[in-house]
Amino acid sequence: MREFLGRLGLPLLFGALVLLTLFAMVADRRVLAGLGRDRSVGSALIELVVPVQKALLFPVDATRDLWARYVALVGLRAENERLRARLAELEEQNLQYAEAIVASGHLQRIAEMRENFGVPLRPAQVVGHDVSPWFRSVLVDRGGSHEVRSGMPVVTDRGLVGLVTASAPHAARVMLLLDRQSAVDGMIQRSRARGIVRGTGTGQLEFTFMVRGDDVRPGDDVITSGVGGVHPKGLRIGRIVEVRADSASLLHTATVQPAVDFGRLEQVFVMLHRGPTMELLYGGEGDLPEATARAGDGAP
Amino acid sequence: MRPAVALVLLALGALVLQGTLAALVPPALLPDLALLLTVTVAVAAPATWALLLAAGLGFGADVLSGTLMGQLALLRLLAFATTRFVHAQFHLERAIPLASFCFALALLDALGLAALSRLFLGASPLGLEAVPTALARAALVAALAPGAHRLVSGVLASLYEGDGRRREVRFDTRRPVI
């Protein structure tokens, strides 16, 4: 018997592990395609990996910073002087114009965004990227202990970045808009034409919309519609660069250039508010931080 | 015991390094270190350890990735089984067979990922535009495979040797004098 078990031990273990993976996939599929792993055993690994990745990226970031701040600027000294002079001239000529330049800074935009949506924003640093190049997600250094929960939208001053899909106490995973699993209900800001913005796995997005005349054109801005109860209305998603007309189909698609530069994603802001759909999905207010529950009342 | 600890550390190191590299290099130049480690350990280490490591690496990658939980784990388990089977037919310790095998396995791994995503999520993360990236990654994995094998088998051999020596010494000291 012992010899029999010894001979079959490895195949049995292999079979058990394969069954475990299949069970895990089916279970995870049921939690809406990977969302809601707040209390999973995986959070321990994320907790372990994030500080190490942060430490590993520190010298790279420091070198980049040094280059950007000093080395790359050596040749720009003359231009910098000229620009300073020009700036001083502009300040003299038009104080209000200079004020507008300052107001266009990204911190100002973030402050405005916070005011417009009435939702607290939690700044977070991107510390890791998806280990599989076929999926587009990032790890950020804020998690449950900072009131960051699955289902919360993530933005920058430029627009929507994605959605928190898993959180550990001190880290969280954010699925980017570019991921093929990502779908956001969006609309054209100009014509209010609605459609679905999907990730393509590449650097661009796809906007699928119902044809009703010429209501989607290149150059149009795409924003979140607020329908679907996941993202607040009015977050900038990107700009239409190409409309692909197919006369045989009612649904047309357009290519969207994301507003956010995902290649240089460093600091993001988690909106500490979950839409009604996410609330239903994650089981009510029990899981919500107090600040979020308060903000949710006034959120659009 | 020490080889097992070394394997766990290697697995953690591979996941952390891969996550860090993902932020620095384009997808086509990002080697699949987890797959590489699964194959090299399946060739160089005892089967049970290699199997557990493959499962651990897969589940670890699932946690750090946007995949379904268990998706990469299943692929790693299949990679382990394929490696053991092929290793029994051809000696994968040699550089060229190992590199060729890794190239094919990396492509199959990408196809498997696409198929599982299609099956469970209804959409695949890989389209036709991903083919050049998949080929480039497979070539990279193939190029790195002989070096990774030397590294893993070297580490394991030195640790086994150390463990063996320690056991031998302990055994000798407990042997009755007469």
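Me: In S11(A), which residue is the bridge partner of A:Gly238?

Reply: Heads-up, this is a predicted model: local features need pLDDT of at least 70, side-chain atom pairs count only at pLDDT 80 or more, and totals for chains, interfaces and linings use all residues. Residues are numbered from 1 along each chain as its sequence is written, with chains lettered from A and ligands numbered from 1 in the order written. Strands here are DSSP E runs of at least two residues, and helices are H or I runs of at least four, numbered from the N terminus. In S11(A), A:Gly238 is bridged to A:Pro258.

Me: What closed arrangement includes S11 in chain A?

Reply: S11(A) also pairs with S10 (residues 236-244) of chain A in the antiparallel sense, over six bridges. Over in S11(A), A:Thr253 stands opposite A:Arg244. The strands run S6-S7-S8-S11-S10-S9 with antiparallel pairing, making a closed six-strand barrel.

Me: Which element gives the largest share of the side of chain A that touches chain B?

Reply: 38 residues of chain A contact 40 of chain B, where contact means C-beta atoms, placed from the backbone, within 7 Å. Helix H1 (2-30), helix H2 (42-69) and strand S1 (121-129) of chain A each supply at least two residues of that side. The largest share, 11 residues, comes from H1(A).

How values were computed:
Two residues are in contact if their C-beta atoms, placed from the backbone, lie within 7 Å. Two strands pair if DSSP finds at least two bridges between them.
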